[in-house]
Amino acid sequence: PPRVVVGSWGAFHKELAPLAGVKLFQQAKALGLSALVGCGGGGGSPTAPASSSNSDLDAVTAALASATHLFDDGLYDITSSTGASARAAGTFAAMEPAAFHRSVSRSSQGFAIALSDSDEAGRPHTADVTINRSTLGMFMVVRRPAGGGAVDTGDVVHKVMDDRWTRHVRLVRRTVLTPDGAREQWQLDQMSALKIVSQPCSRAIVSLHLTGSGLDATITDPAALRTFAQLPQAALGDSVTITTDAGANTGANAGNDVFVYWGDRRVRMTPNGDGTHTVRVHSGSLAGVRSLGVNVFSRGTLHDDALIYDSVAWIVPLTVGTPVPSVWP
């Protein structure tokens, strides 16, 4: 069975209560991590020597630490500050939003690593990682004044934000050639999209469809792992059509607001009347790995100061341009 490691950034414990066959793994000093190494079946001894386990776990977590885009790609986590004080919500106070932003006051990250596919020496070849993040703060909506006129940036509605992030990645142990000869490295092999869900959440994303020149990709499961070569690929300078299916939502919050995050832009998608929303974006002239975000809000999130922040988002990796290496950069 796979050996499982659980840990969190920002906490480090030198000793844990002894369990049958469970050994403390001390993470690299730069991270500061508390972790457990054990047997997935429970009650048995680890299937590999402690030195091998520690060495591979060191290497896996070091590889994760160097891939900062796995935890925060800088697309969704847009923060800002405002001098406005919190406003009391009315019984039912409809509003027309002019803008919105998030202000994060606290963020924590954690992960679970499952090591598997061991060789004859008991060393694993595969590490499956679930990355979790929690962000607490405020979601702020700037009102558009009734009857038009200049927007008052101090007229802000504050809503409590508690977002939970989840991403899955797979690393593999490979032998690579270096100037110093052949050596083993843990490398990122596959990655999922990032799913961000508010607490509580009543929204859903059913699918995301991307089309363009030579591009026709549909994503239905944000947790699905993809190699670098399997990512959606947009051509340079192309127009990409994005269609989001947010499902049939009824009741008090009927009528979602759906946005696309692309680069430094947040673009409202056009509803098609059947639960889907569509927009076109320009792929740009910069080749490489990019992130595309789709964010679905309940109608009340942006249009009623008495209703809660209710949001779900997918952040999907894709490539722009033609060169696609065989492994993740």
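**Notebook: a walk through a predicted model**

**Entry 1: Threonine 301**

I started with threonine 301, which has its place in helix H2 (residues 299-303). Helices (H or I, at least four residues) and strands (E, at least two) are DSSP runs, numbered from the N terminus. I noted that this is a predicted model, in which local features need pLDDT of at least 70 and side-chain atom pairs count only at pLDDT 80 or more, while totals for chains, interfaces and linings use all residues. Residues are numbered from 1 along each chain as its sequence is written, and side-chain values use heavy atoms, with hydrogens and water left out.

Is threonine 301 buried or exposed? I found it buried, because its relative accessible area is 0%. My cut-offs: buried means under 20% relative accessible area, exposed over 50%, and partly exposed in between (1.4 Å probe, protein chains only).

Next I looked up what threonine 301 touches, with contact meaning heavy atoms within 4.5 Å. Leaving aside neighbours within four places in sequence, threonine 301 is in contact with Met95, Phe139, Val141, Lys159, Ile308, Tyr309 and Asp310. A polar atom of the threonine 301 side chain lies 3.5 Å from the backbone oxygen of isoleucine 308.

**Entry 2: The whole chain**

I stepped back and counted two helices and 19 strands in the chain. Of its 329 residues, 44% count as buried. I also looked at contacts with a separation of 6 or more: residues 24 or more positions apart account for 73% of them.

**Entry 3: An open sheet**

I traced five strands that form an open sheet, in the order S10-S9-S13-S17-S16, with antiparallel pairing. Two strands pair if DSSP finds at least two bridges between them. Which strands are at the edges? They are S10 (215-219) and S16 (270-271), and each pairs on one side only.

I followed S16 to strand S17 (residues 276-282), and the two pair in the antiparallel sense over two bridges. Proline 271 stands opposite histidine 277 in S17. The hairpin of S16 and S17 has four residues between the strands, and its glycine 273 takes a positive phi near 85°. On to S13 and S17, which pair in the antiparallel sense over seven bridges. Here isoleucine 242 has valine 279 in S17 as its bridge partner.

Glycine 212 counts as partly exposed, because its relative accessibility is 26%. Not counting residues up to four places away in sequence, glycine 212 touches Asp238 and Ser239.

**Entry 4: A hairpin**

I moved to S14 and strand S15 (residues 265-268), which pair in the antiparallel sense over four bridges. They form a hairpin with two residues between them, and glycine 263 in the turn has a positive phi of about 65°. Tyrosine 261 has arginine 266 in S15 as its bridge partner.

Arginine 290 lies over the face of tryptophan 262, at 4.2 Å from the ring centre.

**Entry 5: Nonpolar cores**

I looked up nonpolar cores, which are sets of buried Ala, Val, Leu, Ile, Met, Phe, Trp, Tyr and Cys residues joined through side-chain atoms within 4.5 Å. Which members of the largest core touch the most others? Of its 27 residues, they are Leu208, Ile242, Val260, Trp262, Met269, Leu292 and Val294. The largest share of this core, five residues, comes from S19. Apart from it lies another core, of 18 residues, among them Met95, Trp165, Leu194 and Tyr309.

Aspartate 117 has a positive phi of about 60° although it is not a glycine, and I found it in strand S4 (residues 97-118). The peptide bond from glutamine 199 to proline 200 is cis, with omega near 0°. I placed proline 200 in the loop between strand S8 (194-198) and S9.

Note on methods
A charge sits over a ring if NZ of Lys or CZ of Arg is within 6 Å of the ring centre and within 35 degrees of the ring normal. A polar contact is a pair of N or O atoms within 3.5 Å; within protein, one must be able to donate a hydrogen and the other to accept it, and residues adjacent in sequence count only if both atoms are side-chain atoms.
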